[in-house]
Amino acid sequence: MSSEQRKIRVAVVFGGRSSEHEISCVTAGSVLSVIDQDRYEVVPVGITRTGNWVLTSGDPERLRIDAGTKALPSVSEDGTDIALPFDAAGQLMVVDPVRGPERLAGVDVVLPLLHGPFGEDGTIQGLFEMMGVRYAGAGVFSSSAAMDKVFMKAMLRGNGIPTSDFVPISDRQWRNERKRVLDDVAALGATVFVKPARAGSSVGISRVGDSSDADAVVAAVEAAREHDPKVLVEAQVVGREIECGVLESEDGGTPDVSFPAEVHVAEGFDFYDFEAKYLSTSSLTIPARIPEEATARLRAMAADVFEAMGCEGLARVDFFYTESGEILVNELNTMPGFTPASAFPQMWDATGVDYATLVERMISSALRRSPGLR
């Protein structure tokens, strides 16, 4: 096969050092099961919990949640080590224990299927930009700002997009200004949600039913700080949880937005936490059963959020829809989950974009743009 006819080489990167390591593996397994092997040559690259990069198995069956035991997959330390960084030609240096270092052929594009810090937060995007490698999803700043919910809220409010009231808590403030912080939290209202500022997949979130109960708030903040020294406390919004998927337009126009989905939390769960999301009978209604006018507003606001945050490729926007018809942005995910239980692929399937096409659009949007400033 000549160089002009060779397959497009796609590095699928998954795992990572964050608390969402397992969900990243499940996402990768789902993507690897549908990627067009006739068109693409796939290089499966795992990042272990300790941060080692390894050339690993791309077998989707090894990257699924075990239905019986609910065991979650992870990246093994046994893979062939990869020396970083990519060089300027997009090549990976593989360190074989017998032959020593050797180069792989150039990688055309990377799918960084990573969730949480050290992957979805602009860090790995910066590495790819430095090395001139194309990659799927949002760029450095957009990834970083979206991951940090405090900055996300500030940017959205600066663009006139409504979010819930909140109190940010830095590590310094928690150590030195705790009484003032607790007073600010109590002023948010009776019920608050405490979460790591830079995590996803509902990891480390607690619901506190009485924000004036200092002991309960302290316990919730400490639980969140196990995942991130920076914490966000949000006022409870009484409303329905609605999500929309967003894709970069193929013709350079306004972003495409999926039908909205309503989240129904399984019985026995107070809110949509990690177990409720991935290991329970929680479900989605697609399209959400809300008035057509509200659906139109939600979809338009999802596109506005995507553009206000400078997103590229894909994103998922989560909303609250109140009884009075108010719409508030809850979160933005620049690399939403692609697991079988994830809302993003389900919303797009209901909108007419199947899973394989979704993966194809993610790759093609990355190939259309050049690394560097844009």
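In what sense do S10 and strand S12 (residues 231-235) pair, and over how many bridges? Keep in mind that this is a predicted model. S10 and S12 run antiparallel to each other, paired over 5 bridges. One of the contacts to look for joins Lys195 to Leu232, its bridge partner in S12.

S10 also pairs with strand S11 (residues 206-208), again in the antiparallel sense, over 3 bridges. Here Val194 has Ser206 of S11 as its bridge partner.

Now to the aromatic rings. The structure contains 3 aromatic pairs. One of them joins Phe338 and Tyr355 edge-to-face, with 5.9 Å centre to centre and 75 degrees between the planes. Phe338 belongs to the loop between strand S18 (327-333) and helix H10 (343-351), while Tyr355 is in helix H11 (residues 355-368), so this pair ties together parts 17 residues apart in sequence. Phe338 is buried, its relative accessible area being 0%. Together with Phe344, Phe338 and Tyr355 make up one aromatic cluster.

| Arginine | Ring | Distance to ring centre |
|---|---|---|
| Arg17 | Phe118 | 4.0 Å |
| Arg369 | Tyr135 | 5.8 Å |

Terms used
Residues are numbered from 1 along each chain as its sequence is written. This is a predicted model: local features need pLDDT of at least 70, side-chain atom pairs count only at pLDDT 80 or more; totals for chains, interfaces and linings use all residues. Side-chain values use heavy atoms; hydrogens and water are left out. Rings of Phe, Tyr and Trp (its six-membered ring) pair if their centres lie within 6.5 Å; planes under 30 degrees apart count as stacked, over 60 as edge-to-face and the rest as tilted. Helices (H or I, at least four residues) and strands (E, at least two) are DSSP runs, numbered from the N terminus. Buried means under 20% relative accessible area, exposed over 50%, partly exposed in between (1.4 Å probe, protein chains only). A charge sits over a ring if NZ of Lys or CZ of Arg is within 6 Å of the ring centre and within 35 degrees of the ring normal. Two strands pair if DSSP finds at least two bridges between them.
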